[in-house]
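Dear colleague,

I am passing on the structure below, followed by some notes on what turned up in it. Please keep it open while you read.

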Amino acid sequence: MSCRAVAAAPWARSFARRLSSPRLSSHRLPRTAIYQQSYRRSISTTTSHPATVSHTQTTESSFVHVPTEKKKPQTLTEKIVQRHAVNLPEGKLVRSGDYVQIKPYKCMSHDNSFPIITKFLSIGATRIKDPKQLVFALDHDVQNTSDSNLKKYEHIEAFAKKHNIWFSGRGEGIGHQRMVEEGFAWPGTMCVASDSHSNMYGGVGALGTALVRTDAASVFATGTTWWQVPPTLRLNLTGTLPPGVTGKDVIIALCGLFQSDALNHAVEIAGSEETMVSIPVDDRLAISNMSTEWGALSLIFPVDDTLKGWLRGKASEAAMLGFSAGERFTHDRIDELFANPLRADSGAQYVKQLYLNLSTLSPYVSGPNSVKISTPLSDLPKDIKVDRAYILSCTNSRSSDIAAAAKVFRDAAEANGGKIPKIADGVKLYLSAASAREQEISEELGDWGVLVEAGAIPLISGCAACIGLGEGLLRAGEVGISASNRNFKGRMGSPEALCYLASPEVVAASALKGNISGPGNYQPPANYAGVEYGYGTGEAASTGGQLGAMLDQLESLIDRVESAAGDETAKATVQILPGFPEKITGEIVFCDADNLNTDNIYPGKYTYQDDITKEGMAEVCMSNYDPEFRSIAKPNDILVSGFNFGCGSSREQAATALLAKEIPLVVAASFGNIFSRNCINNALLGLESSRLVERLRATFSNASPKVATRRTGWTLTWDVVRSVIEVQEGENGERWEESVGEFPANLQDIVAKGGLPNWIKHQISEAEA
């Protein structure tokens with residue numbers, strides 16, 4: 001097995017050249033099996049696939065430099081990136097694996113606008129490159145009315161006013177919802193946000209993906225940032241959504257049925273017109289939104305007639321009611337969009353294809369405390385008591401969701417003499433709309449009033465308990481069920497609570513009955529045999545298709561063998577810049593967990609405490625994973641964990657908290673994509689070694705006592721000059737080495753300067769000298 005440094009990846013090498021030259025090199029991702037069930041990408045390893053045609057190419061000022069190539073089919077993702085890539089050579093076609101400089105159509109930030117502004121100013125920037133590109137929306141800590149938080153909000157608003165940036169204030173709505181309802185997330189465009197649920201824009205046919213704060217500061221200052229085009233996965237939906245089954249059920253099922261397949265991929269939805277008509281736009285938004293928890297970097301629905309009808313409705317509504325979005329939702333603009341709608345080319349190549357038959361789907365529940373545990377509602381125990389229920393978040397609190405929840409109580413009223421029944425004794429139901437506009441619609445329809453009459457606790461529009469802030473957090477020993485998107489341990493309150501996710505209908509029925517229940521409006525088809533899903537298109541197998549798959553896998557095997565051989569040939573020593581260590585050595589502290597997320601690393605309740613000290617960050621680092629970590633881990637320890645380390649939100653503190661804890665190096669079997677960006681931008685070093693994780697698990701999996709964080713007595717040394725790691729398995733244990741990729745001088749320079757903001761600041765200073 002290979003073990004690679006952060007700089008070993010093609011993206012790191014390409015980025016290094018970007019930092020030193022106006023002409024940038026491109027590296028196509030090395031390929032792997034098209035039907036490989038688990039695609040893993042990390043700080044150090046990038047992979048593409050036989051379905052991506054590979055060329056050695058180069059480009060100017062775009063992280064890629066390639067000669068002109070003839071037209072070849074592109075995926076929808078590649079086409080949209082093509083539109084937003086800048087400084088590409090004439091004729092260059094964007095491909096999966098390319099590093100490109102992008103100018104996103106819109107860039108949204110929320111409460112984290114404050115630290116982004118701070119970064120923007122700290123690098124010496126004074127002018128916003130394109131104010132129309134930015135959207136500010138206050139949504140995260142809106143229940144906090146302390147002087148310090150309100151002053152922070154005032155500062156953000158004042159900055160927006162000074163620079164003519166579109167601004168949505170406290171209580172007006174969650175940023176992602178505001179992006180959609182205001183027409184900023186427009187079909188065929190690339191929209192980013194400094195928040196992990198930016199995927200939601202794919203519900204309206206936009207390529208939505210997350211950036212981190214430092215990237216956002218770059219967009220503020222330059223209008224651009226860097227992005228690697230991910231491998232693209234095609235999800236073929238067949239059948240139609242049955243009555244009683246929602247978009248939330250679709251994405252919860254996907255998280256469990258295909259647990260690792262979407263990790264760090266762009267996902268494109270495909271299906272017949274009949275299938276697509278059965279998925280309303282609000283359901284598409286929920287699916288795209290929670291594709292973040294599936295592990296996808298984006299999930300985009302086609303620009304089709306269902307979307308066209310939704311856009312027409314928005315244009316008419318905006319025109320009649322005089323909404324500010326009327327300047328964006330216009331019938332002329334919609335006509336222009338559908339005169340030549342952007343679609344994937346016929347013959348476009350995908351890294352893999354999955355299928356899911358919607359007709360065989362039933363209501364699903366996620367959890368407890370993991371989105372990867374998804375269970376048909378009918379298979380859950382019938383006695384799971386509920387203490388708190390939540391209809392809120394950008395995922396499922398639009399007016400249609402609130403109407404679905406209200407219908408549960410209206411239907412129950414028919415058996416209650418027409419009187420709206422109360423929620424069950426001992427249960428609290430919290431209600432917060434995705435935006436003030438969605439709440440207003442819900443109030444006009446009477447749905448909001450039904451839920452409040454039933455005993456729901458109304459809250460200001462905002463993220464609220466979904467991110468562990470404000471009223472109604474879960475307490476130790478409690479059970480919650482939520483229509484939100486993330487149920488990581490400790491995310492919505494106490495780490496000693498249990499949290500499930502479900503559709504608004506199931507949440508409402510659970511609040512009404514006092515245990516996890518459905519509203520009873522789903523009837524399984526006759527001779528039901530379970531969910532139909534798998535790899536491929538979902539169509540009947542053909543000899544040609546099977547032969548093509550075999551050839552793809554054979555080509556992949558050859559490429560992997562060649563790539564592995566190439567990795568072993570790089571034996572040259574690395575030149576070390578002043579200020580960068582030649583070796584990093586420390587004792588291994590092992591956190592034996594896969595999918596250890598950013599909430600585990602840095603609890604969400606501290607994310608917007610901008611005045612927290614370095615010592616305070618170190619104290620709470622990893623506390624949602626193991627409260628004892630703070631006393632077990634010591635300065636200069638090397639943290640080792642399993643697959644998909646750092647998945648979850650875009651918070652930079654997941655990296656900076658580890659630095660505050662004086663952890664110089666993290667080693668994992670693989671890393672979450674956003675965490676990878678944060679590491680580079682904040683000078684936290686990372687290595688990927690599945691072999692090391694396997695050795696640790698083989699040695700300590702049965703050790704007693706069972707602990708979440710273990711001091712192993714093993715030492716790891718990263719010899720940067722020789723590009724190897726050396727592992728000593730205890731005082732008298734085995735000693736072994738493994739080659740890693742070279743860490744180039746330009747990335748050493750970033751780390752030595754303390755991260756990308758300081759590096760940019762240094763470049764500005766040199767340019768002005």
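Phe120, Phe136, Phe159 and Phe220 together make up one aromatic cluster, where rings of Phe, Tyr and Trp (its six-membered ring) pair if their centres lie within 6.5 Å, with planes under 30 degrees apart counted as stacked, over 60 as edge-to-face and the rest as tilted. This is a predicted model, in which local features need pLDDT of at least 70 and side-chain atom pairs count only at pLDDT 80 or more, while totals for chains, interfaces and linings use all residues. Residues are numbered from 1 along each chain as its sequence is written, and side-chain values use heavy atoms, with hydrogens and water left out.

In total the structure holds 15 aromatic pairs. In one of them, the rings of Phe258 and Tyr533 have centres 5.4 Å apart and planes at 85°, so the pair is edge-to-face. Phe258 lies in the loop between α7 (247-257) and β12 (266-271) and Tyr533 in strand β22 (residues 533-535), so the pair ties together parts that are 275 residues apart in sequence; helices (H or I, at least four residues) and strands (E, at least two) are DSSP runs, numbered from the N terminus. Phe258 counts as buried at 1% relative accessibility, whereas Tyr533, at 36%, counts as partly exposed (buried means under 20% relative accessible area, exposed over 50%, partly exposed in between, with a 1.4 Å probe and protein chains only).

Two charges also sit over rings (NZ of Lys or CZ of Arg within 6 Å of the ring centre and within 35 degrees of the ring normal): that of Lys106 over Tyr105, 5.2 Å from its centre, and that of Arg691 over Trp736, 4.0 Å from its centre.

Best wishes
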